[in-house]
Amino acid sequence: MTAFLAVQAILAIPLGSAAALALLPDYRLSSRLNVAAAFATLLVACSLFFLPGFSTPYLLIDDFNTVFVALNAFVAFTTSVFSASYIGHELEIGRLTPRNLRFYHAMCQFLAFAMNLALTANNIGLMWASLEIATLTTVAMVGLYQTREAIEAAWKYFILGSVGIALALFGTILIFMAARPVMGEGFDGMVWTLLMRRAHEFDPALLDLAFVFLMLGYGTKVGLAPLHAWLPDAHAEGPTPISAVLSGLLLNVALYIVLRFKLLIDANGRAISPGPLLATLGLLSLLFAAFMLYRRRDVKRLFAFSSIEHMGIIVFAFGMGGPLANFAGLLHMTMHSLTKSAIFFTVGHIAQVKGTQRIADIRGLTESQPWLGWTLLLGVFAIAGLPPMGVFTSEFLVVSSTFARSPALALILVFGLLVAFGALLLRAQGMAFGDPGGGPEPRSRASTAPIVAHLSLVLLAGISPPPPVVAWFEHVAAMLK
Amino acid sequence: MSGLAFDVSHLLAGGLVLISFMLLYQTRLYALLNVYAAQAVVLSLAVGWQAYVQDKPHLYATAAIAFLFKAALIPYALHRAIDRLGVRREVENVVGVGATMLAGLACVALAIVVMLRIESDADPLAREDLAFALSVILLGLLMMVVRRNAVSMVIGFMSLENGLILAAAGAKGMPLVVEFAVAFSVVVALVVIWVFLFRLRDRFGAVDAAVLEEFQGSRR
């Protein structure tokens with residue numbers, strides 16, 4: 001098997017199963033098919049590690065995106081397992097109808113297709129289009145419950161997402177304009193690998209402008225501070241599996257695209273250096289989100305703001321640049337995906353058991369639902385950056401590499417981390433301990449496997465990261481400069 | 001490039017910017033839709049002219065799509081939606097008309113300052129076309145900010161997309177991929193918008209983003 005065939009498979013499997021799921025009326029069968037398709041995608045995605053990369057005018061596989069394709073496939077698979085146990089309950093209490101579920105399952109796979117396409121695209125136009133498809137798919141899913149809040153959230157997401165995507169397209173057009181005098185007219189001016197080869201000849205002024213638009217456009221999708229307004233609503237009001245996918249995957253995909261363009265601008269040499277811009281936006285997001293964490297009353301919103309915080313840390317790390325900071329950024333992206341989706345899985349079950357997402361109404365979980373309560377605590381410890389979890393390792397690397405180069409920035413970074421740490425522990429403590437109150441609660445039928453899998457991977461990365469993974473990340477970090 | 005080709009391109013692109021300004025001060029929904037349709041007609045003329053000047057037949061297709069979808073189908077559909085939903089026909093601005101127009105002027109000035117400073121070997125036509133396109137994009141953004149009515153926000157977004165198509169058509173030799181992507185996105189966006197309009201009606205009996213503000217999630 002070649003890598004090209006594998007990429008075709010990871011695009012064809014989700015697309016084909018999306019079509020099949022749209023036709024299947026029985027939701028039990030379709031949730032199983034959903035899991036099977038995600039598993040097949042995961043197997044093929046893992047095979048990419050052993051195959052040499054390639055590039056065609058439309059598709060590209062190199063060491064950089066292999067990591068993300070595999071991570072994406074893994075989280076998509078565990079999410080499908082979680083979703084199978086989650087939706088049964090939603091159907092029982094009548095929040096969703098079988099018709100909704102048919103739509104939901106088809107959209108899950110369609111979203112996986114769009115994200116895989118965005119990750120493997122070599123053509124900057126295709127990259128843009130596939131992220132746009134992914135966005136529109138998630139908009140439809142955020143509005144799935146059709147409550148007032150859900151519609152408002154989806155509307156906000158739709159409007160802000162569309163504006164972001166429009167600005168990104170303008171940036172893409174500007175990149176083409178910058179490349180045209182060198183690359184000539186036609187398709188070559190949009191193929192990323194070809195652009196990289198001759199980037200130093202492009203007009204720097206046009207590239208500057210292009211990067212500003214790309215940063216604003218794709219930055220909206222990443223959820224960076226001044227452009228984040230859609231993110232908490234979209235996370236809080238949609239079905240929880242979608243919150244997990246949004247936080248764990250879609251933000252990463254958008255950031256991946258920003259990094260691709262960062263490489264292009266860096267390769268030019270005469271254009272603005274994207275680093276300081278990224279670092280500033282990252283730090284701003286971190287500080288803003290850290291303070292906002294204190295005022296959350298909705299548990300999913302709380303963790304949505306924590307996603308903004310972590311995206312800020314990651315963007316800051318890549319903005320600082322250099323092998324160590326890039327390595328830390330990549331590791332943190334992976335750790336954040338795994339931890340945050342595990343937290344959302346747990347929170348999804350908690351919200352089902354308690355019948356509410358209000359933090360004030362969730363008390364004494366360790367007593368009434370020991371498994372969920374302790375898992376939540378563990379997840380919060382991990383995401384807040386306590387050792388020995390993997391998030392601690394990556395945050396430590398970000399901080400120490402920053403200290404070596406600019407201590408003032410490192411102080412701000414540490415301050416933000418501590419503020420966020422305090423908020424998360426404060427809220428988690430309130431939810432996990434105390435008197436559960438209220439009457440007897442239904443037994444949770446939580447699917448434990450996905451949560452255990454994610455958290456043990458995070459723990460493993462914190463204690464002794466496997467050498468091949470470290471070597472791979474180091475190699476990619478060097479690629480990112 | 002001959003002087004005439006140059007002048008006509010400028011005339012049409014400038015017309016788009018002018019119509020963007022007209023969109024800013026409309027106070028009735030139907031009038032807003034008509035002005036939007038007019039902008040789409042000018043857009044298709046501008047793209048058609050680019051097709052002729054650059055001798056790129058595929059741009060004619062883009063022009064045709066702009067004309068059919070944006071000038072005819074979407075205004076018609078929204079017209080019907082407004083009729084059937086019984087939405088209030090007047091739209092109020094959050095900001096006064098005078099202030100909005102001043103902000104619009106500032107947007108255009110910004111676009112010109114940013115684009116004309118670029119001294120590349122790209123031909124001046126492409127550069128100036130891009131300045132017009134950026135103006136239309138910024139004015140579309142401005143419109144989305146100053147309107148609170150859901151339909152006029154959608155129109156603001158679509159006029160923003162008109163600016164994008166103008167930019168893509170002006171970028172000489174840009175492959176068809178993007179035009180198709182834009183057309184496709186418009187269709188998908190339309191579907192989503194339809195869904196929203198109907199769901200909004202079901203839930204609130206009106207299509208007004210002001211109603212939505214009661215549920216502002218950020219306070220929770």
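Predicted model: local features only at pLDDT ≥ 70, side-chain atom pairs only at ≥ 80, totals over all residues.
Me: How many helices and strands does chain B have?
Reply: Chain B has 8 helices and 0 strands, counted as DSSP runs (helices H or I, at least four residues; strands E, at least two) numbered from the N terminus. Its elements therefore read α-α-α-α-α-α-α-α from the N terminus on.

Me: Why are H5(A) and H6(A) called roughly antiparallel?
Reply: The axes of helix H5 (residues 124–142) of chain A and helix H6 (residues 148–183) of chain A cross at roughly 175 degrees and come within 9 Å. Angles over 145 degrees count as roughly antiparallel (under 35 roughly parallel, 65 to 115 roughly perpendicular, the rest oblique), so H5(A) is roughly antiparallel to H6(A).

Me: Which residues of H5(A) meet H6(A)?
Reply: Among them are Trp128(A), Leu131(A) and Val139(A) in H5(A), while the residues they meet in H6(A) include Tyr157(A), Phe158(A) and Ile165(A). By class, this contact of H5(A) with H6(A) holds 14 nonpolar, 4 polar and 1 charged residues. Here Ala, Val, Leu, Ile, Met, Phe, Trp, Tyr, Cys and Pro count as nonpolar, Asp, Glu, Lys and Arg as charged, and the others, Gly among them, as polar.

Me: What makes H12(A) and H16(A) oblique to each other?
Reply: The axes of helix H12 (residues 299–320) of chain A and helix H16 (residues 390–405) of chain A come within 11 Å and cross at roughly 40 degrees. H12(A) and H16(A) are therefore oblique to each other. Their contact joins Ile313(A), Ala317(A) and Met320(A) of H12(A) with Glu395(A), Val398(A), Ser401(A), Thr402(A) and Arg405(A) of H16(A). The classes in this contact of H12(A) with H16(A) are 4 nonpolar, 2 polar and 2 charged residues.

Me: How many residues does H3(A) give to the side of domain 1 of chain A that touches domain 2 of chain A?
Reply: The centres of domain 1 and domain 2 of chain A, taken over C-alpha atoms, are 23 Å apart. H3(A) gives the most to that side of domain 1 of chain A, with 9 residues.

How values were computed:
Residues numbered from 1 in each chain as written. Chains lettered and ligands numbered in written order. Axes fitted to C-alpha atoms, helices over the stretch in contact; angles between N-to-C directions. Contact = placed C-beta atoms within 7 Å. Domains from an automatic or database assignment.
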